[in-house]
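Here are a few notes to go with your first look at this one. Have the model open while you read.

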Amino acid sequence: MSSSDAPFELIYWPGIPGRGEPIRLLFEEAGVPYVDRAKIADEVIPTIFSYTAAEHTGDATNPPVLAPPLLKHGELVLHQLPNILLYLAPKLNLAPKEGKDVFFLNQIVLTLLDGFVNELHDTHHPVATSQYYEDQKPEAKKRSKNYIEERIPKFLGYAQRVLDSKTSGGGPWLHGGELTYADLVLFQCIDGTKYAFPKSMEKLQKSGKYDGVFKLYDAVRERPNISKYLASERRVPYADGIWRYYPELEEDVDL
């Protein structure tokens with residue numbers, strides 16, 4: 001079976017949305033079937049450990065991977081969320097297959113993931129990912145205060161500038177006047193950040209500085225396929241993972 005005929009398989013940790021969630025949103029918006037291995041916890045965890053084991057050196061066509069999410073498509077195995085999105089989006093008609101817009105969309109997505117995934121994760125694990133949150137709570141409070149006061153506004157402002165640019169196409173979307181995978185990524189970034197820092201995000205939304213960002217968020221949420229997905233059991237509830245809610249991390253914040 002060639003990759004073009006093979007099913008898409010998402011391999012990610014069970015019980016958390018995490019970095020697997022933007023991938024799910026692409027499949028759901030496109031209405032393309034996929035196998036979500038996270039739904040079979042007793043099978044997917046050994047699979048992940050097999051792929052990421054120190055002795056695993058890949059195979060004849062795939063180099064070794066470091067960590068999930070993984071995308072398996074026929075014989076192809078990819079890791080790194082931005083890389084998976086870059087592969088999937090053109091196949092799902094959520095990005096062009098060639099031309100400069102491929103790279104413009106990629107740079108938008110990379111920036112959003114930097115701000116609302118990578119940096120946000122470090123608010124609750126600023127010292128070491130191997131330590132429990134409780135073991136680094138003082139540092140987490142300091143990091144979160146800086147993140148909420150300085151970094152969230154910076155990345156919201158970036159997204160708003162993209163929306164205000166001529167290259168957005170004058171519509172509600174980030175680039176080219178139509179929905180792309182970048183809009184789905186922004187939706188998940190905002191949704192997760194609203195869960196992690198609800199009071200702060202409410203204040204930022206009410207400031208009126210980022211109206212386009214929050215209008216885009218609502219527009220994605222109301223799309224038929226996305227709306228059905230969000231109401232379904234396929235949508236994984238927030239828990240431990242990238243987006244966590246610790247109310248003490250919003251204390252002493254000045255917005």
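Which residues form one aromatic cluster? The points below get to that, keeping in mind that this is a predicted model.

1. The cluster is made up of Tyr195, Tyr238, Trp243 and Tyr245. For context, the structure holds ten aromatic pairs.

2. Tyrosine 195 belongs to helix 6, while tyrosine 238 is in the segment after helix 9 (224–230), so the pair links distant parts of the chain, 43 residues apart.

3. Are these two tyrosines buried, or partly exposed? One of each: tyrosine 195 has 32% relative accessibility and counts as partly exposed, whereas tyrosine 238, with a relative accessible area of 17%, is buried.

4. Now look at another of the aromatic pairs, tyrosine 147 with phenylalanine 197. This pair is tilted, at 6.0 Å centre to centre and 45° between the planes. Tyrosine 147 lies in helix 5 (residues 137–164), and phenylalanine 197 is in the loop between helix 6 (181–196) and helix 7 (198–206), so the pair ties together parts that are 50 residues apart in sequence.

Key
Residues numbered from 1 in each chain as written. Predicted model: local features only at pLDDT ≥ 70, side-chain atom pairs only at ≥ 80, totals over all residues. Heavy atoms only, no water. Phe/Tyr/Trp six-rings, centres within 6.5 Å; stacked < 30°, edge-to-face > 60°. Helix = DSSP H or I, 4+ residues; strand = E, 2+ residues; numbered from the N terminus. Buried < 20%, exposed > 50% of the residue type's maximum accessible area, 1.4 Å probe, protein only.
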